[in-house]
Amino acid sequence: MDETEFWEIIDATREEAEGDAEEQADLLVERLTRLDPETVLDYARHFEARFNRAYHWDVWGAAAVLLDGRGEREEGFDAFRCWLIGQGREVYEGGVADPDELAELLDEFDPELDGDGEELGFAADEAYETLTGTETPDLGLVMPTGEPEGVPLDLSDEAALAERLPRLWERFGAA
């Protein structure tokens with residue numbers, strides 16, 4: 001599976017799920033179980049590489065702004081990164097390159113409904129286990145350790161968030 005095929009699967013399932021991340025995860029599992037196990041592992045590598053690439057302070061800041069503070073916790077940030085991948089290539093690439101750009105890339109965002117794509121992160125594992133009866137093996141990717149990339153940011157400091165992500169703060173920050 002190449003990068004284009006990966007994004008085609010993400011886009012097709014997102015559109016079919018009408019933006020509902022849990023439904024998208026179910027559709028991903030369904031779609032992935034139609035593939036052979038090695039292709040599912042290729043998909044998993046693509047997903048994990050993008051998940052790791054989004055381990056950046058400014059992306060974490062965007063999660064904190066969009067999720068009304070719930071994105072400050074690591075679990076919330078992990079679920080946000082999965083959700084960001086689930087939004088497709090344009091939103092993901094733009095949001096990782098410049099998280100403040102999410103102010104323009106997102107049509108809308110409801111912190112009660114959006115931003116939690118945790119189940120998307122497990123879709124490949126579930127599909128692989130269904131196909132093989134075994135757990136997903138080590139994907140051979142280097143996992144980030146320690147602090148996120150970039151300049152550290154106090155995620156609980158609204159002034160710091162507004163300064164670092166001005167457009168995102170203006171559109172989605174504290175009311």
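View 1. Leaving aside neighbours within four places in sequence, Q24 is in contact with I10, T13, R14, A17, G86 and L120, where contact means heavy atoms within 4.5 Å. Q24 is found in helix α2; helices here are DSSP runs of H or I with at least four residues, strands are runs of E with at least two, and both are numbered from the N terminus. With a relative accessible area of 1%, Q24 is buried. Buried stands for under 20% relative accessible area, exposed for over 50%, and partly exposed for what lies in between, using a 1.4 Å probe and protein chains only. A word on the model itself: it is predicted, so local features need pLDDT of at least 70 and side-chain atom pairs count only at pLDDT 80 or more, while totals for chains, interfaces and linings use all residues. Residues are numbered from 1 along each chain as its sequence is written, and side-chain values use heavy atoms, with hydrogens and water left out.

**View 2. L27, also in α2.** Helix α2 spans residues 21–32 and holds L27. Is L27 buried or exposed? Its relative accessible area is 9%, so L27 counts as buried. Not counting residues up to four places away in sequence, L27 touches T13, E16 and A17. Take T13: L27 is 14 residues from T13 in sequence, and their C-alpha atoms are 5.9 Å apart.

View 3. The loop between α1 (3–17) and α2 contains E18. Here phi is near 55°, a positive value in a residue other than glycine. Most residues other than glycine have a negative phi. E18 counts as exposed, at 74% relative accessibility.

**View 4. Helix α4 under cover.** How many of the 10 residues of α4 (57–66) are buried? The count is 10 of 10, and the helix is mostly covered. The buried residues include W57, W60 and the run A62, A63 and A64. Around them, the buried residues of α4 pack against α5 (74–86), α6 (89–97), α7 (102–105), α9 (158–164) and α10 (166–172). After α4 comes D68, with a positive phi near 50°.

**View 5. The largest nonpolar core.** This core has 53 residues, and Y43, F80, L84, L102 and L168 touch the most other members. Helix α4 gives the most to this core, with eight residues. A nonpolar core is a set of buried Ala, Val, Leu, Ile, Met, Phe, Trp, Tyr and Cys residues joined through side-chain atoms within 4.5 Å. In soluble globular proteins, nonpolar side chains tend to be buried together. Looking at L84, we find that it touches V59, V91, Y92, V96 and L102, not counting residues up to four places away in sequence.

**View 6. Stepping back to the chain.** The secondary structure comes to 10 helices and zero strands. The radius of gyration is 16 Å, close to the 16 Å that the globule rule gives for 175 residues, so the chain is as compact as a globular protein of that length. That radius is taken over C-alpha atoms, and the rule is 2.2 Å times the number of residues to the power 0.38. Of the 175 residues, 46% count as buried. Among contacts between residues at least 6 apart in sequence, 71% join residues at least 24 apart.
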